[in-house]
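Please find below a colleague's note on a single protein model.

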Amino acid sequence: MLAACSGSGSASAPPASRGTSGGASLGWYDELTGGSDELDVATTVAPISSLARNIGGNRIRLHGIVPDATNSHTFEPSPSDARHLAAADLVIVNGLHLEQPTLDLAEASKKASTPIKMLGDNTITQDEWLFDFSFPESEGDPNPHLWMNVTYALRYAELIRDWFSEADAPNKDYYTSNYDKLKAGLDELDGMIRQGVASVPEQNRKLLTYHDSWAYWAREYGFKVIGAVQASDFSDPSPQEVARLIDQIKAEKVPAVFGSEVFPSPVLEQIARESGAKFVDALRDDEPPGAERAPEHTYLGMLKKDMQVMIEALGGDLKIFDALVVTDTYGS
C-alpha cells in the first residue's frame, strides 16, 4: 500500500509544471524509483501516457516506454527499459497485439506483484475488432488504434482511474477528481468532432491515409476509410496497389489524402499528385504536437490539431475547434 501524499511528481520537474496553471506539462519520462511514496507507472505509447498523466497528475511517477514519434508496431525495448519495468507498480499497455516485445520484456522484468493492464482488450470485444489494409484479418492482428476514437479514449481514462485507485487507494478521490476534469475535456472534444464532421460535405467524408490508424475514429464519426498506403509488413504498396488507389481516388472524387507528419511517405505523395488530390502530410496518431512538456503536448492537443487539419482539407469548418483547451487538466 502506498502512503497518502500530496506528491511532487518527478524530482526533476520544475514547480511551474504543476497542476492546471497552463504552464508546461509534467510529461511522461520520469525516472521510476520503486519507492513507496508514489505510484510508479510504466506505459507505452504517448497518447496512453498523456491520459495516464492527466489521471495521476503529480501523485505518480510515469514513464512511457515507447518514445514519441516511434513506430510502436516495430519498437524493440532496450535494456534500460527493463529497469523502469522492474520498478513499476503498474504496467499499462494498449494491448490488441500492439506491443508484444514490450510485453515480453515486462513479463521478464517486472515484480511478481506488478499487474499488466491492457486497455484495448478491456474496451472492445473481439466482435468489434476492425481489420483493414495495414491489419488484414488473415494475419490475426486487429487494428489497435482505439485511442483515436474519443469515446474509446474516455473508456481508457475510466480504466486508468480505476487501476490507479485500486493500486493507490489513499489517493482515490484525487484520481477520481482528475478523471472528471479530463472527461469534461474529452466530452467537449467529442462534441466538436461531431460538429466538425457535420460541416464537411457528405461526399468528402472519405479517408486515404499513410497508416490505418483511423478505422475506429471513422466508424464512430461517420467517415469511410478507402485505404491506407502502409502494408501490414510496413513496406510500400506494390505498383498495382498504387494504381488501384489512384483510380479509386479519382472515381470517388476524394479531395485530399493524408500523410503522417512523423513518418514521411513519398508513395502517398505520388498517389496524391497522380490522382489530383491535395496531399496533406500533417496527421499524427502517436505524437502530440509541440516539444516534450510543452502545454499542447497532450492527447487533447494531438486530436485538436488532427481535426483542424483534416476538417479544413475536406471542406469543413476548422474554427469549430478553436475554443478547445488542450493543456493538462489534472489538479494539484
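1. Basis of the model. This is a predicted model, in which local features need pLDDT of at least 70, side-chain atom pairs count only at pLDDT 80 or more, and totals for chains, interfaces and linings use all residues. Residues are numbered from 1 along each chain as its sequence is written, and side-chain values use heavy atoms, with hydrogens and water left out. Helices (H or I, at least four residues) and strands (E, at least two) are DSSP runs, numbered from the N terminus.

2. The four-stranded sheet. An open sheet has the strand order S2-S1-S3-S4, with parallel pairing; two strands pair if DSSP finds at least two bridges between them. S2 and strand S4 (116-118) stand at the edges with a single partner strand each, so one side of each has no neighbour in the sheet. From one strand to the next, the twist averages 25 degrees. Axes are lines fitted to C-alpha atoms, for helices over the stretch in contact, and angles run from 0 to 180 degrees between N-to-C directions.

3. Strands S3 and S4 and the helices on the sheet. S3 and S4 run parallel and are joined by three bridges; valine 91 has isoleucine 116 in S4 as its bridge partner. Helix H3 (residues 100-109) lies across S3 and S4, at about 155 degrees to S4. H4 also packs on the sheet, where it touches S1, S2, S3 and S4, and its direction makes about 170 degrees with that of S3.

4. Helix H1. Is this helix enclosed or open? 11 of the 11 residues of helix H1 (residues 46-56) are buried, so it is largely enclosed by the rest of the structure. Buried means under 20% relative accessible area, exposed over 50%, and partly exposed in between (1.4 Å probe, protein chains only). The buried residues of H1 pack against strand S1 (39-43), strand S2 (60-64), strand S3 (90-93), H4, H5 and helix H9 (299-313). Contact here means heavy atoms within 4.5 Å. After H1 comes glycine 57, with a positive phi near 50 degrees.

5. Helices H4 and H5. Two packed helices are described by the angle between their axes and the distance between the axes. For helix H4 (residues 150-167) and helix H5 (residues 172-198), the axes come within 9 Å and cross at roughly 180 degrees. H4 is therefore roughly antiparallel to H5. Angles under 35 degrees count as roughly parallel, over 145 as roughly antiparallel, 65 to 115 as roughly perpendicular and the rest as oblique. The residues of this contact divide into 11 nonpolar, three polar and seven charged. Ala, Val, Leu, Ile, Met, Phe, Trp, Tyr, Cys and Pro count as nonpolar, Asp, Glu, Lys and Arg as charged, and the others, Gly among them, as polar.

6. Helices H5 and H9. The axes of H5 and H9 come within 11 Å and cross at roughly 5 degrees, and the two helices are therefore roughly parallel to each other. Gly185, Leu186, Leu189, Ile193, Gly196 and Val197 in H5 meet Tyr299, Leu300, Leu303, Met307 and Ile311 in H9. By class, this contact has nine nonpolar, two polar and no charged residues.

7. Strands S5 and S6. Strand S5 (residues 206-209) pairs with strand S6 (residues 224-228) in the parallel sense over four bridges. From S5 the chain passes through helix H6 (residues 215-221) to S6, in a right-handed β-α-β crossover. Right-handed means that, with the strands pointing away from the viewer, the path from the first strand over the helix to the second runs clockwise. Threonine 209 lies in strand S5 and is buried, with a relative accessible area of 3%. Beyond its neighbours within four places in sequence, threonine 209 is in contact with Trp214, Gly227, Ala228, Val229, Phe258 and Leu268.

8. Two further buried residues. Tyrosine 152, in helix H4, counts as buried at 13% relative accessibility. Leaving aside neighbours within four places in sequence, the contacts of tyrosine 152 are Thr123, Ile124, Glu128, Leu146, Tyr216 and Arg219. Valine 309, in helix H9, also counts as buried, at 16% relative accessibility. With the neighbours within four places in sequence again left aside, valine 309 is in contact with Phe258, Val280, Ala282 and Leu283.
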